[in-house]
Amino acid sequence: QVQLVESGGGLVQAGGSLRLSCAASGRTSSIYRMGWFRQAPGKEREFVARINWGGGITYYADSVKGRFAISRDNAKNTVYLQMNSLKPEDTAVYYCAAAPVSRPAEFGSWGQGTQVTVSA
């Protein structure tokens, strides 16, 4: 099992920046890929970005491309989401997730989420 703990959320004005962190513990050697998702009030959870734990290949949702950057520090078992040029529509609870080597397409481990609020 992999445990994930997010941090770094908060309140920021539109145009501002935040950096989210997600610390992984437990069977971190089983991680193939990590990702960030978000869920706004009244909406379904949506994909934001992902990164392969080994090669570092990244992929982004169109809505955040060019504004957000995902990165990882393998030594610290931590993945980051740098969010720049934030917009009110980025307001959501952000979740970190991990997909194992055995099922790389399935994000089976999830954190508790961290709130990001962007004011106009």
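Predicted model: local features only at pLDDT ≥ 70, side-chain atom pairs only at ≥ 80, totals over all residues.
**View 1. Ser85, a residue in the loop between E8 and E9.** At 41% relative accessibility, Ser85 counts as partly exposed; in these legends buried means under 20% relative accessible area, exposed over 50%, and partly exposed in between (1.4 Å probe, protein chains only). Its phi is positive, about 50°, although Ser85 is not a glycine. Residues are numbered from 1 along each chain as its sequence is written, and side-chain values use heavy atoms, with hydrogens and water left out.

**View 2. Asn77, in the loop between strand E7 (68-73) and strand E8 (78-83).** Here too phi is the thing to look at: Asn77 has a value near 50°, positive in a residue other than glycine. With 22% relative accessibility, Asn77 counts as partly exposed.

**View 3. Ala14 and its contacts from elsewhere in the sequence.** Ala14 sits in the loop between strand E2 (10-13) and strand E3 (18-26). Neighbours within four places in sequence aside, Ala14 is in contact (heavy atoms within 4.5 Å) with Leu86, Pro88, Val118, Ser119 and Ala120. Take Pro88: it is 74 residues from Ala14 in sequence, but their C-alpha atoms are 6.2 Å apart in space. Ala14 itself has 40% relative accessibility and counts as partly exposed.

**View 4. The Phe37 and Phe107 rings, an edge-to-face pair.** A pair of aromatic rings is described by the distance of the centres and the angle of the planes. Rings of Phe, Tyr and Trp (its six-membered ring) pair if their centres lie within 6.5 Å; planes under 30 degrees apart count as stacked, over 60 as edge-to-face and the rest as tilted. By this rule the count comes to four aromatic pairs. For Phe37 and Phe107, the numbers are 5.1 Å centre to centre and 75° between the planes. The pair links distant parts of the chain, 70 residues apart: Phe37 is in strand E4 (residues 31-39), and Phe107 is in the loop between strand E9 (92-100) and strand E10 (109-110). Both Phe37 and Phe107 are buried.

**View 5. Phe37 again, now with Trp110.** The ring centres of Phe37 and Trp110 are 4.9 Å apart with the planes at 55°, so this pair is tilted. Strand E4 holds Phe37 and strand E10 holds Trp110, so to speak a link between distant parts of the chain, 73 residues apart. Phe37 counts as buried at 10% relative accessibility, whereas Trp110, at 29%, counts as partly exposed.

**View 6. The whole protein, with zero helices and eleven strands.** The radius of gyration is 13 Å, close to the 14 Å that the globule rule gives for 120 residues, so the protein is as compact as a globular protein of that length. That radius is taken over C-alpha atoms, and the globule rule is 2.2 Å times the number of residues to the power 0.38. Along the principal axes, the C-alpha atoms fill a box of roughly 40 × 25 × 25 Å. Of the 120 residues, 45% count as buried.

Definitions and conventions. Helix = DSSP H or I, 4+ residues; strand = E, 2+ residues; numbered from the N terminus.
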